[in-house]
Amino acid sequence: YIRATDNAGNNAYFKSNLFVFDNIAPDHIDIVNNASSDSYRKNYDISISAADTNGIYTGSSIKNIKFKWSDSTTHDTNLTTVWTTYSSGINYDNSEVTGVKYLHVVAEDIAGNIWYNTFLYTFDYESPNINVVSSDLTGSHKSITSRVEVSDIHNNISVFKYIWRVDIIEN
């Protein structure tokens, strides 16, 4: 309320609007994936949401959500040039990426308070390696000895199958 009184004793009153002071950042960012982010995958479908439930506003007071991918756990605080504004789901499918990537997410409320979170994702676009080591295959033999070695850069072999086939060559 505001009151003004002049020298003659006349009063004027004014009731102002409600002012809300918010210096509390949004309190959480939620991520929904198509799979566990700690298992190696070729791609991820990701949805992001944020909440500002500090009790001051009813409804959403999130101004925007931004994200960026990085090789580092450290996020960049320059929000104007290197971050992408989130509007709907993200499909991260990049055949150039193998290994760990970090999804940095920032939520900003309408008062300008900012909250960051970082999420780890693991990608694997590299095929397993197969190495067959056999005994001497020159000439005729009753039997041979072979060893099959299968490896993966991420120790991520889910299926290992083999079949022996005998081909008879006739002259």
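Student: How many aromatic pairs does a search of the whole structure find?

Tutor: The model is predicted. Rings count as a pair if their centres lie within 6.5 Å. A search of the whole structure on that basis gives a total of 6 aromatic pairs.

Student: How are the ring planes of Phe67 and Tyr86 arranged?

Tutor: The ring centres of Phe67 and Tyr86 are 6.4 Å apart, and the planes stand at 80°. Planes over 60 degrees apart fall in one named class. The pair of Phe67 and Tyr86 is therefore edge-to-face.

Student: How many residues apart in sequence are the parts that Phe67 and Tyr86 tie together?

Tutor: Phe67 belongs to strand β5, residues 62-70. Tyr86 sits in the loop between β6 (84-85) and β7 (90-93). The pair therefore ties together parts whose separation in sequence is 19 residues.

Student: Is Tyr86 buried or exposed?

Tutor: The cut-off for burial is under 20% relative accessible area. Phe67, the ring partner of Tyr86, meets this cut-off at 11% relative accessibility. Tyr86 has a relative accessible area of 14%, so Tyr86 is buried.

Student: Which strand holds Phe123, the ring partner of Trp69?

Tutor: The rings of Trp69 and Phe123 have centres 6.0 Å apart and planes at 75°, so this pair is edge-to-face. Trp69 lies in strand β5, and the pair ties together parts 54 residues apart in sequence. Phe123 lies in residues 114-123, which form strand β9.

Student: How many residues of strand β8 are buried?

Tutor: Strand β8 covers residues 99-109 and is mostly covered. Of its 11 residues, the number buried is 10.

Student: Which residue in β8 is the bridge partner of Ser70?

Tutor: Strands β5 and β8 pair in the antiparallel sense over 8 bridges. In β8, the residue bridged to Ser70 is Tyr102.

Student: Which residue takes a positive phi in the hairpin of β8 and β9?

Tutor: Strands β8 and β9 run antiparallel and are joined by 10 bridges. Val105, for instance, has Asn117 in β9 as its bridge partner. The hairpin has 4 residues between the strands, and the residue with a positive phi near 90° is Gly112.

Student: Is Asp71 buried or exposed?

Tutor: Lys101 is buried, with a relative accessible area of 13%. Asp71 has a relative accessible area of 60%, so Asp71 is exposed.

Student: Which residue meets Glu149 in a salt bridge?

Tutor: Side chains of opposite charge can pair when their charged atoms come close. Glu149 is partly exposed, with a relative accessible area of 32%. The side chains meet at 2.9 Å, N to O, and the partner is Arg147.

Methods
Residues numbered from 1 in each chain as written. Predicted model: local features only at pLDDT ≥ 70, side-chain atom pairs only at ≥ 80, totals over all residues. Heavy atoms only, no water. Phe/Tyr/Trp six-rings, centres within 6.5 Å; stacked < 30°, edge-to-face > 60°. Helix = DSSP H or I, 4+ residues; strand = E, 2+ residues; numbered from the N terminus. Buried < 20%, exposed > 50% of the residue type's maximum accessible area, 1.4 Å probe, protein only. Pairing = 2+ DSSP bridges. Salt bridge = Lys/Arg side-chain N within 4 Å of Asp/Glu carboxyl O.
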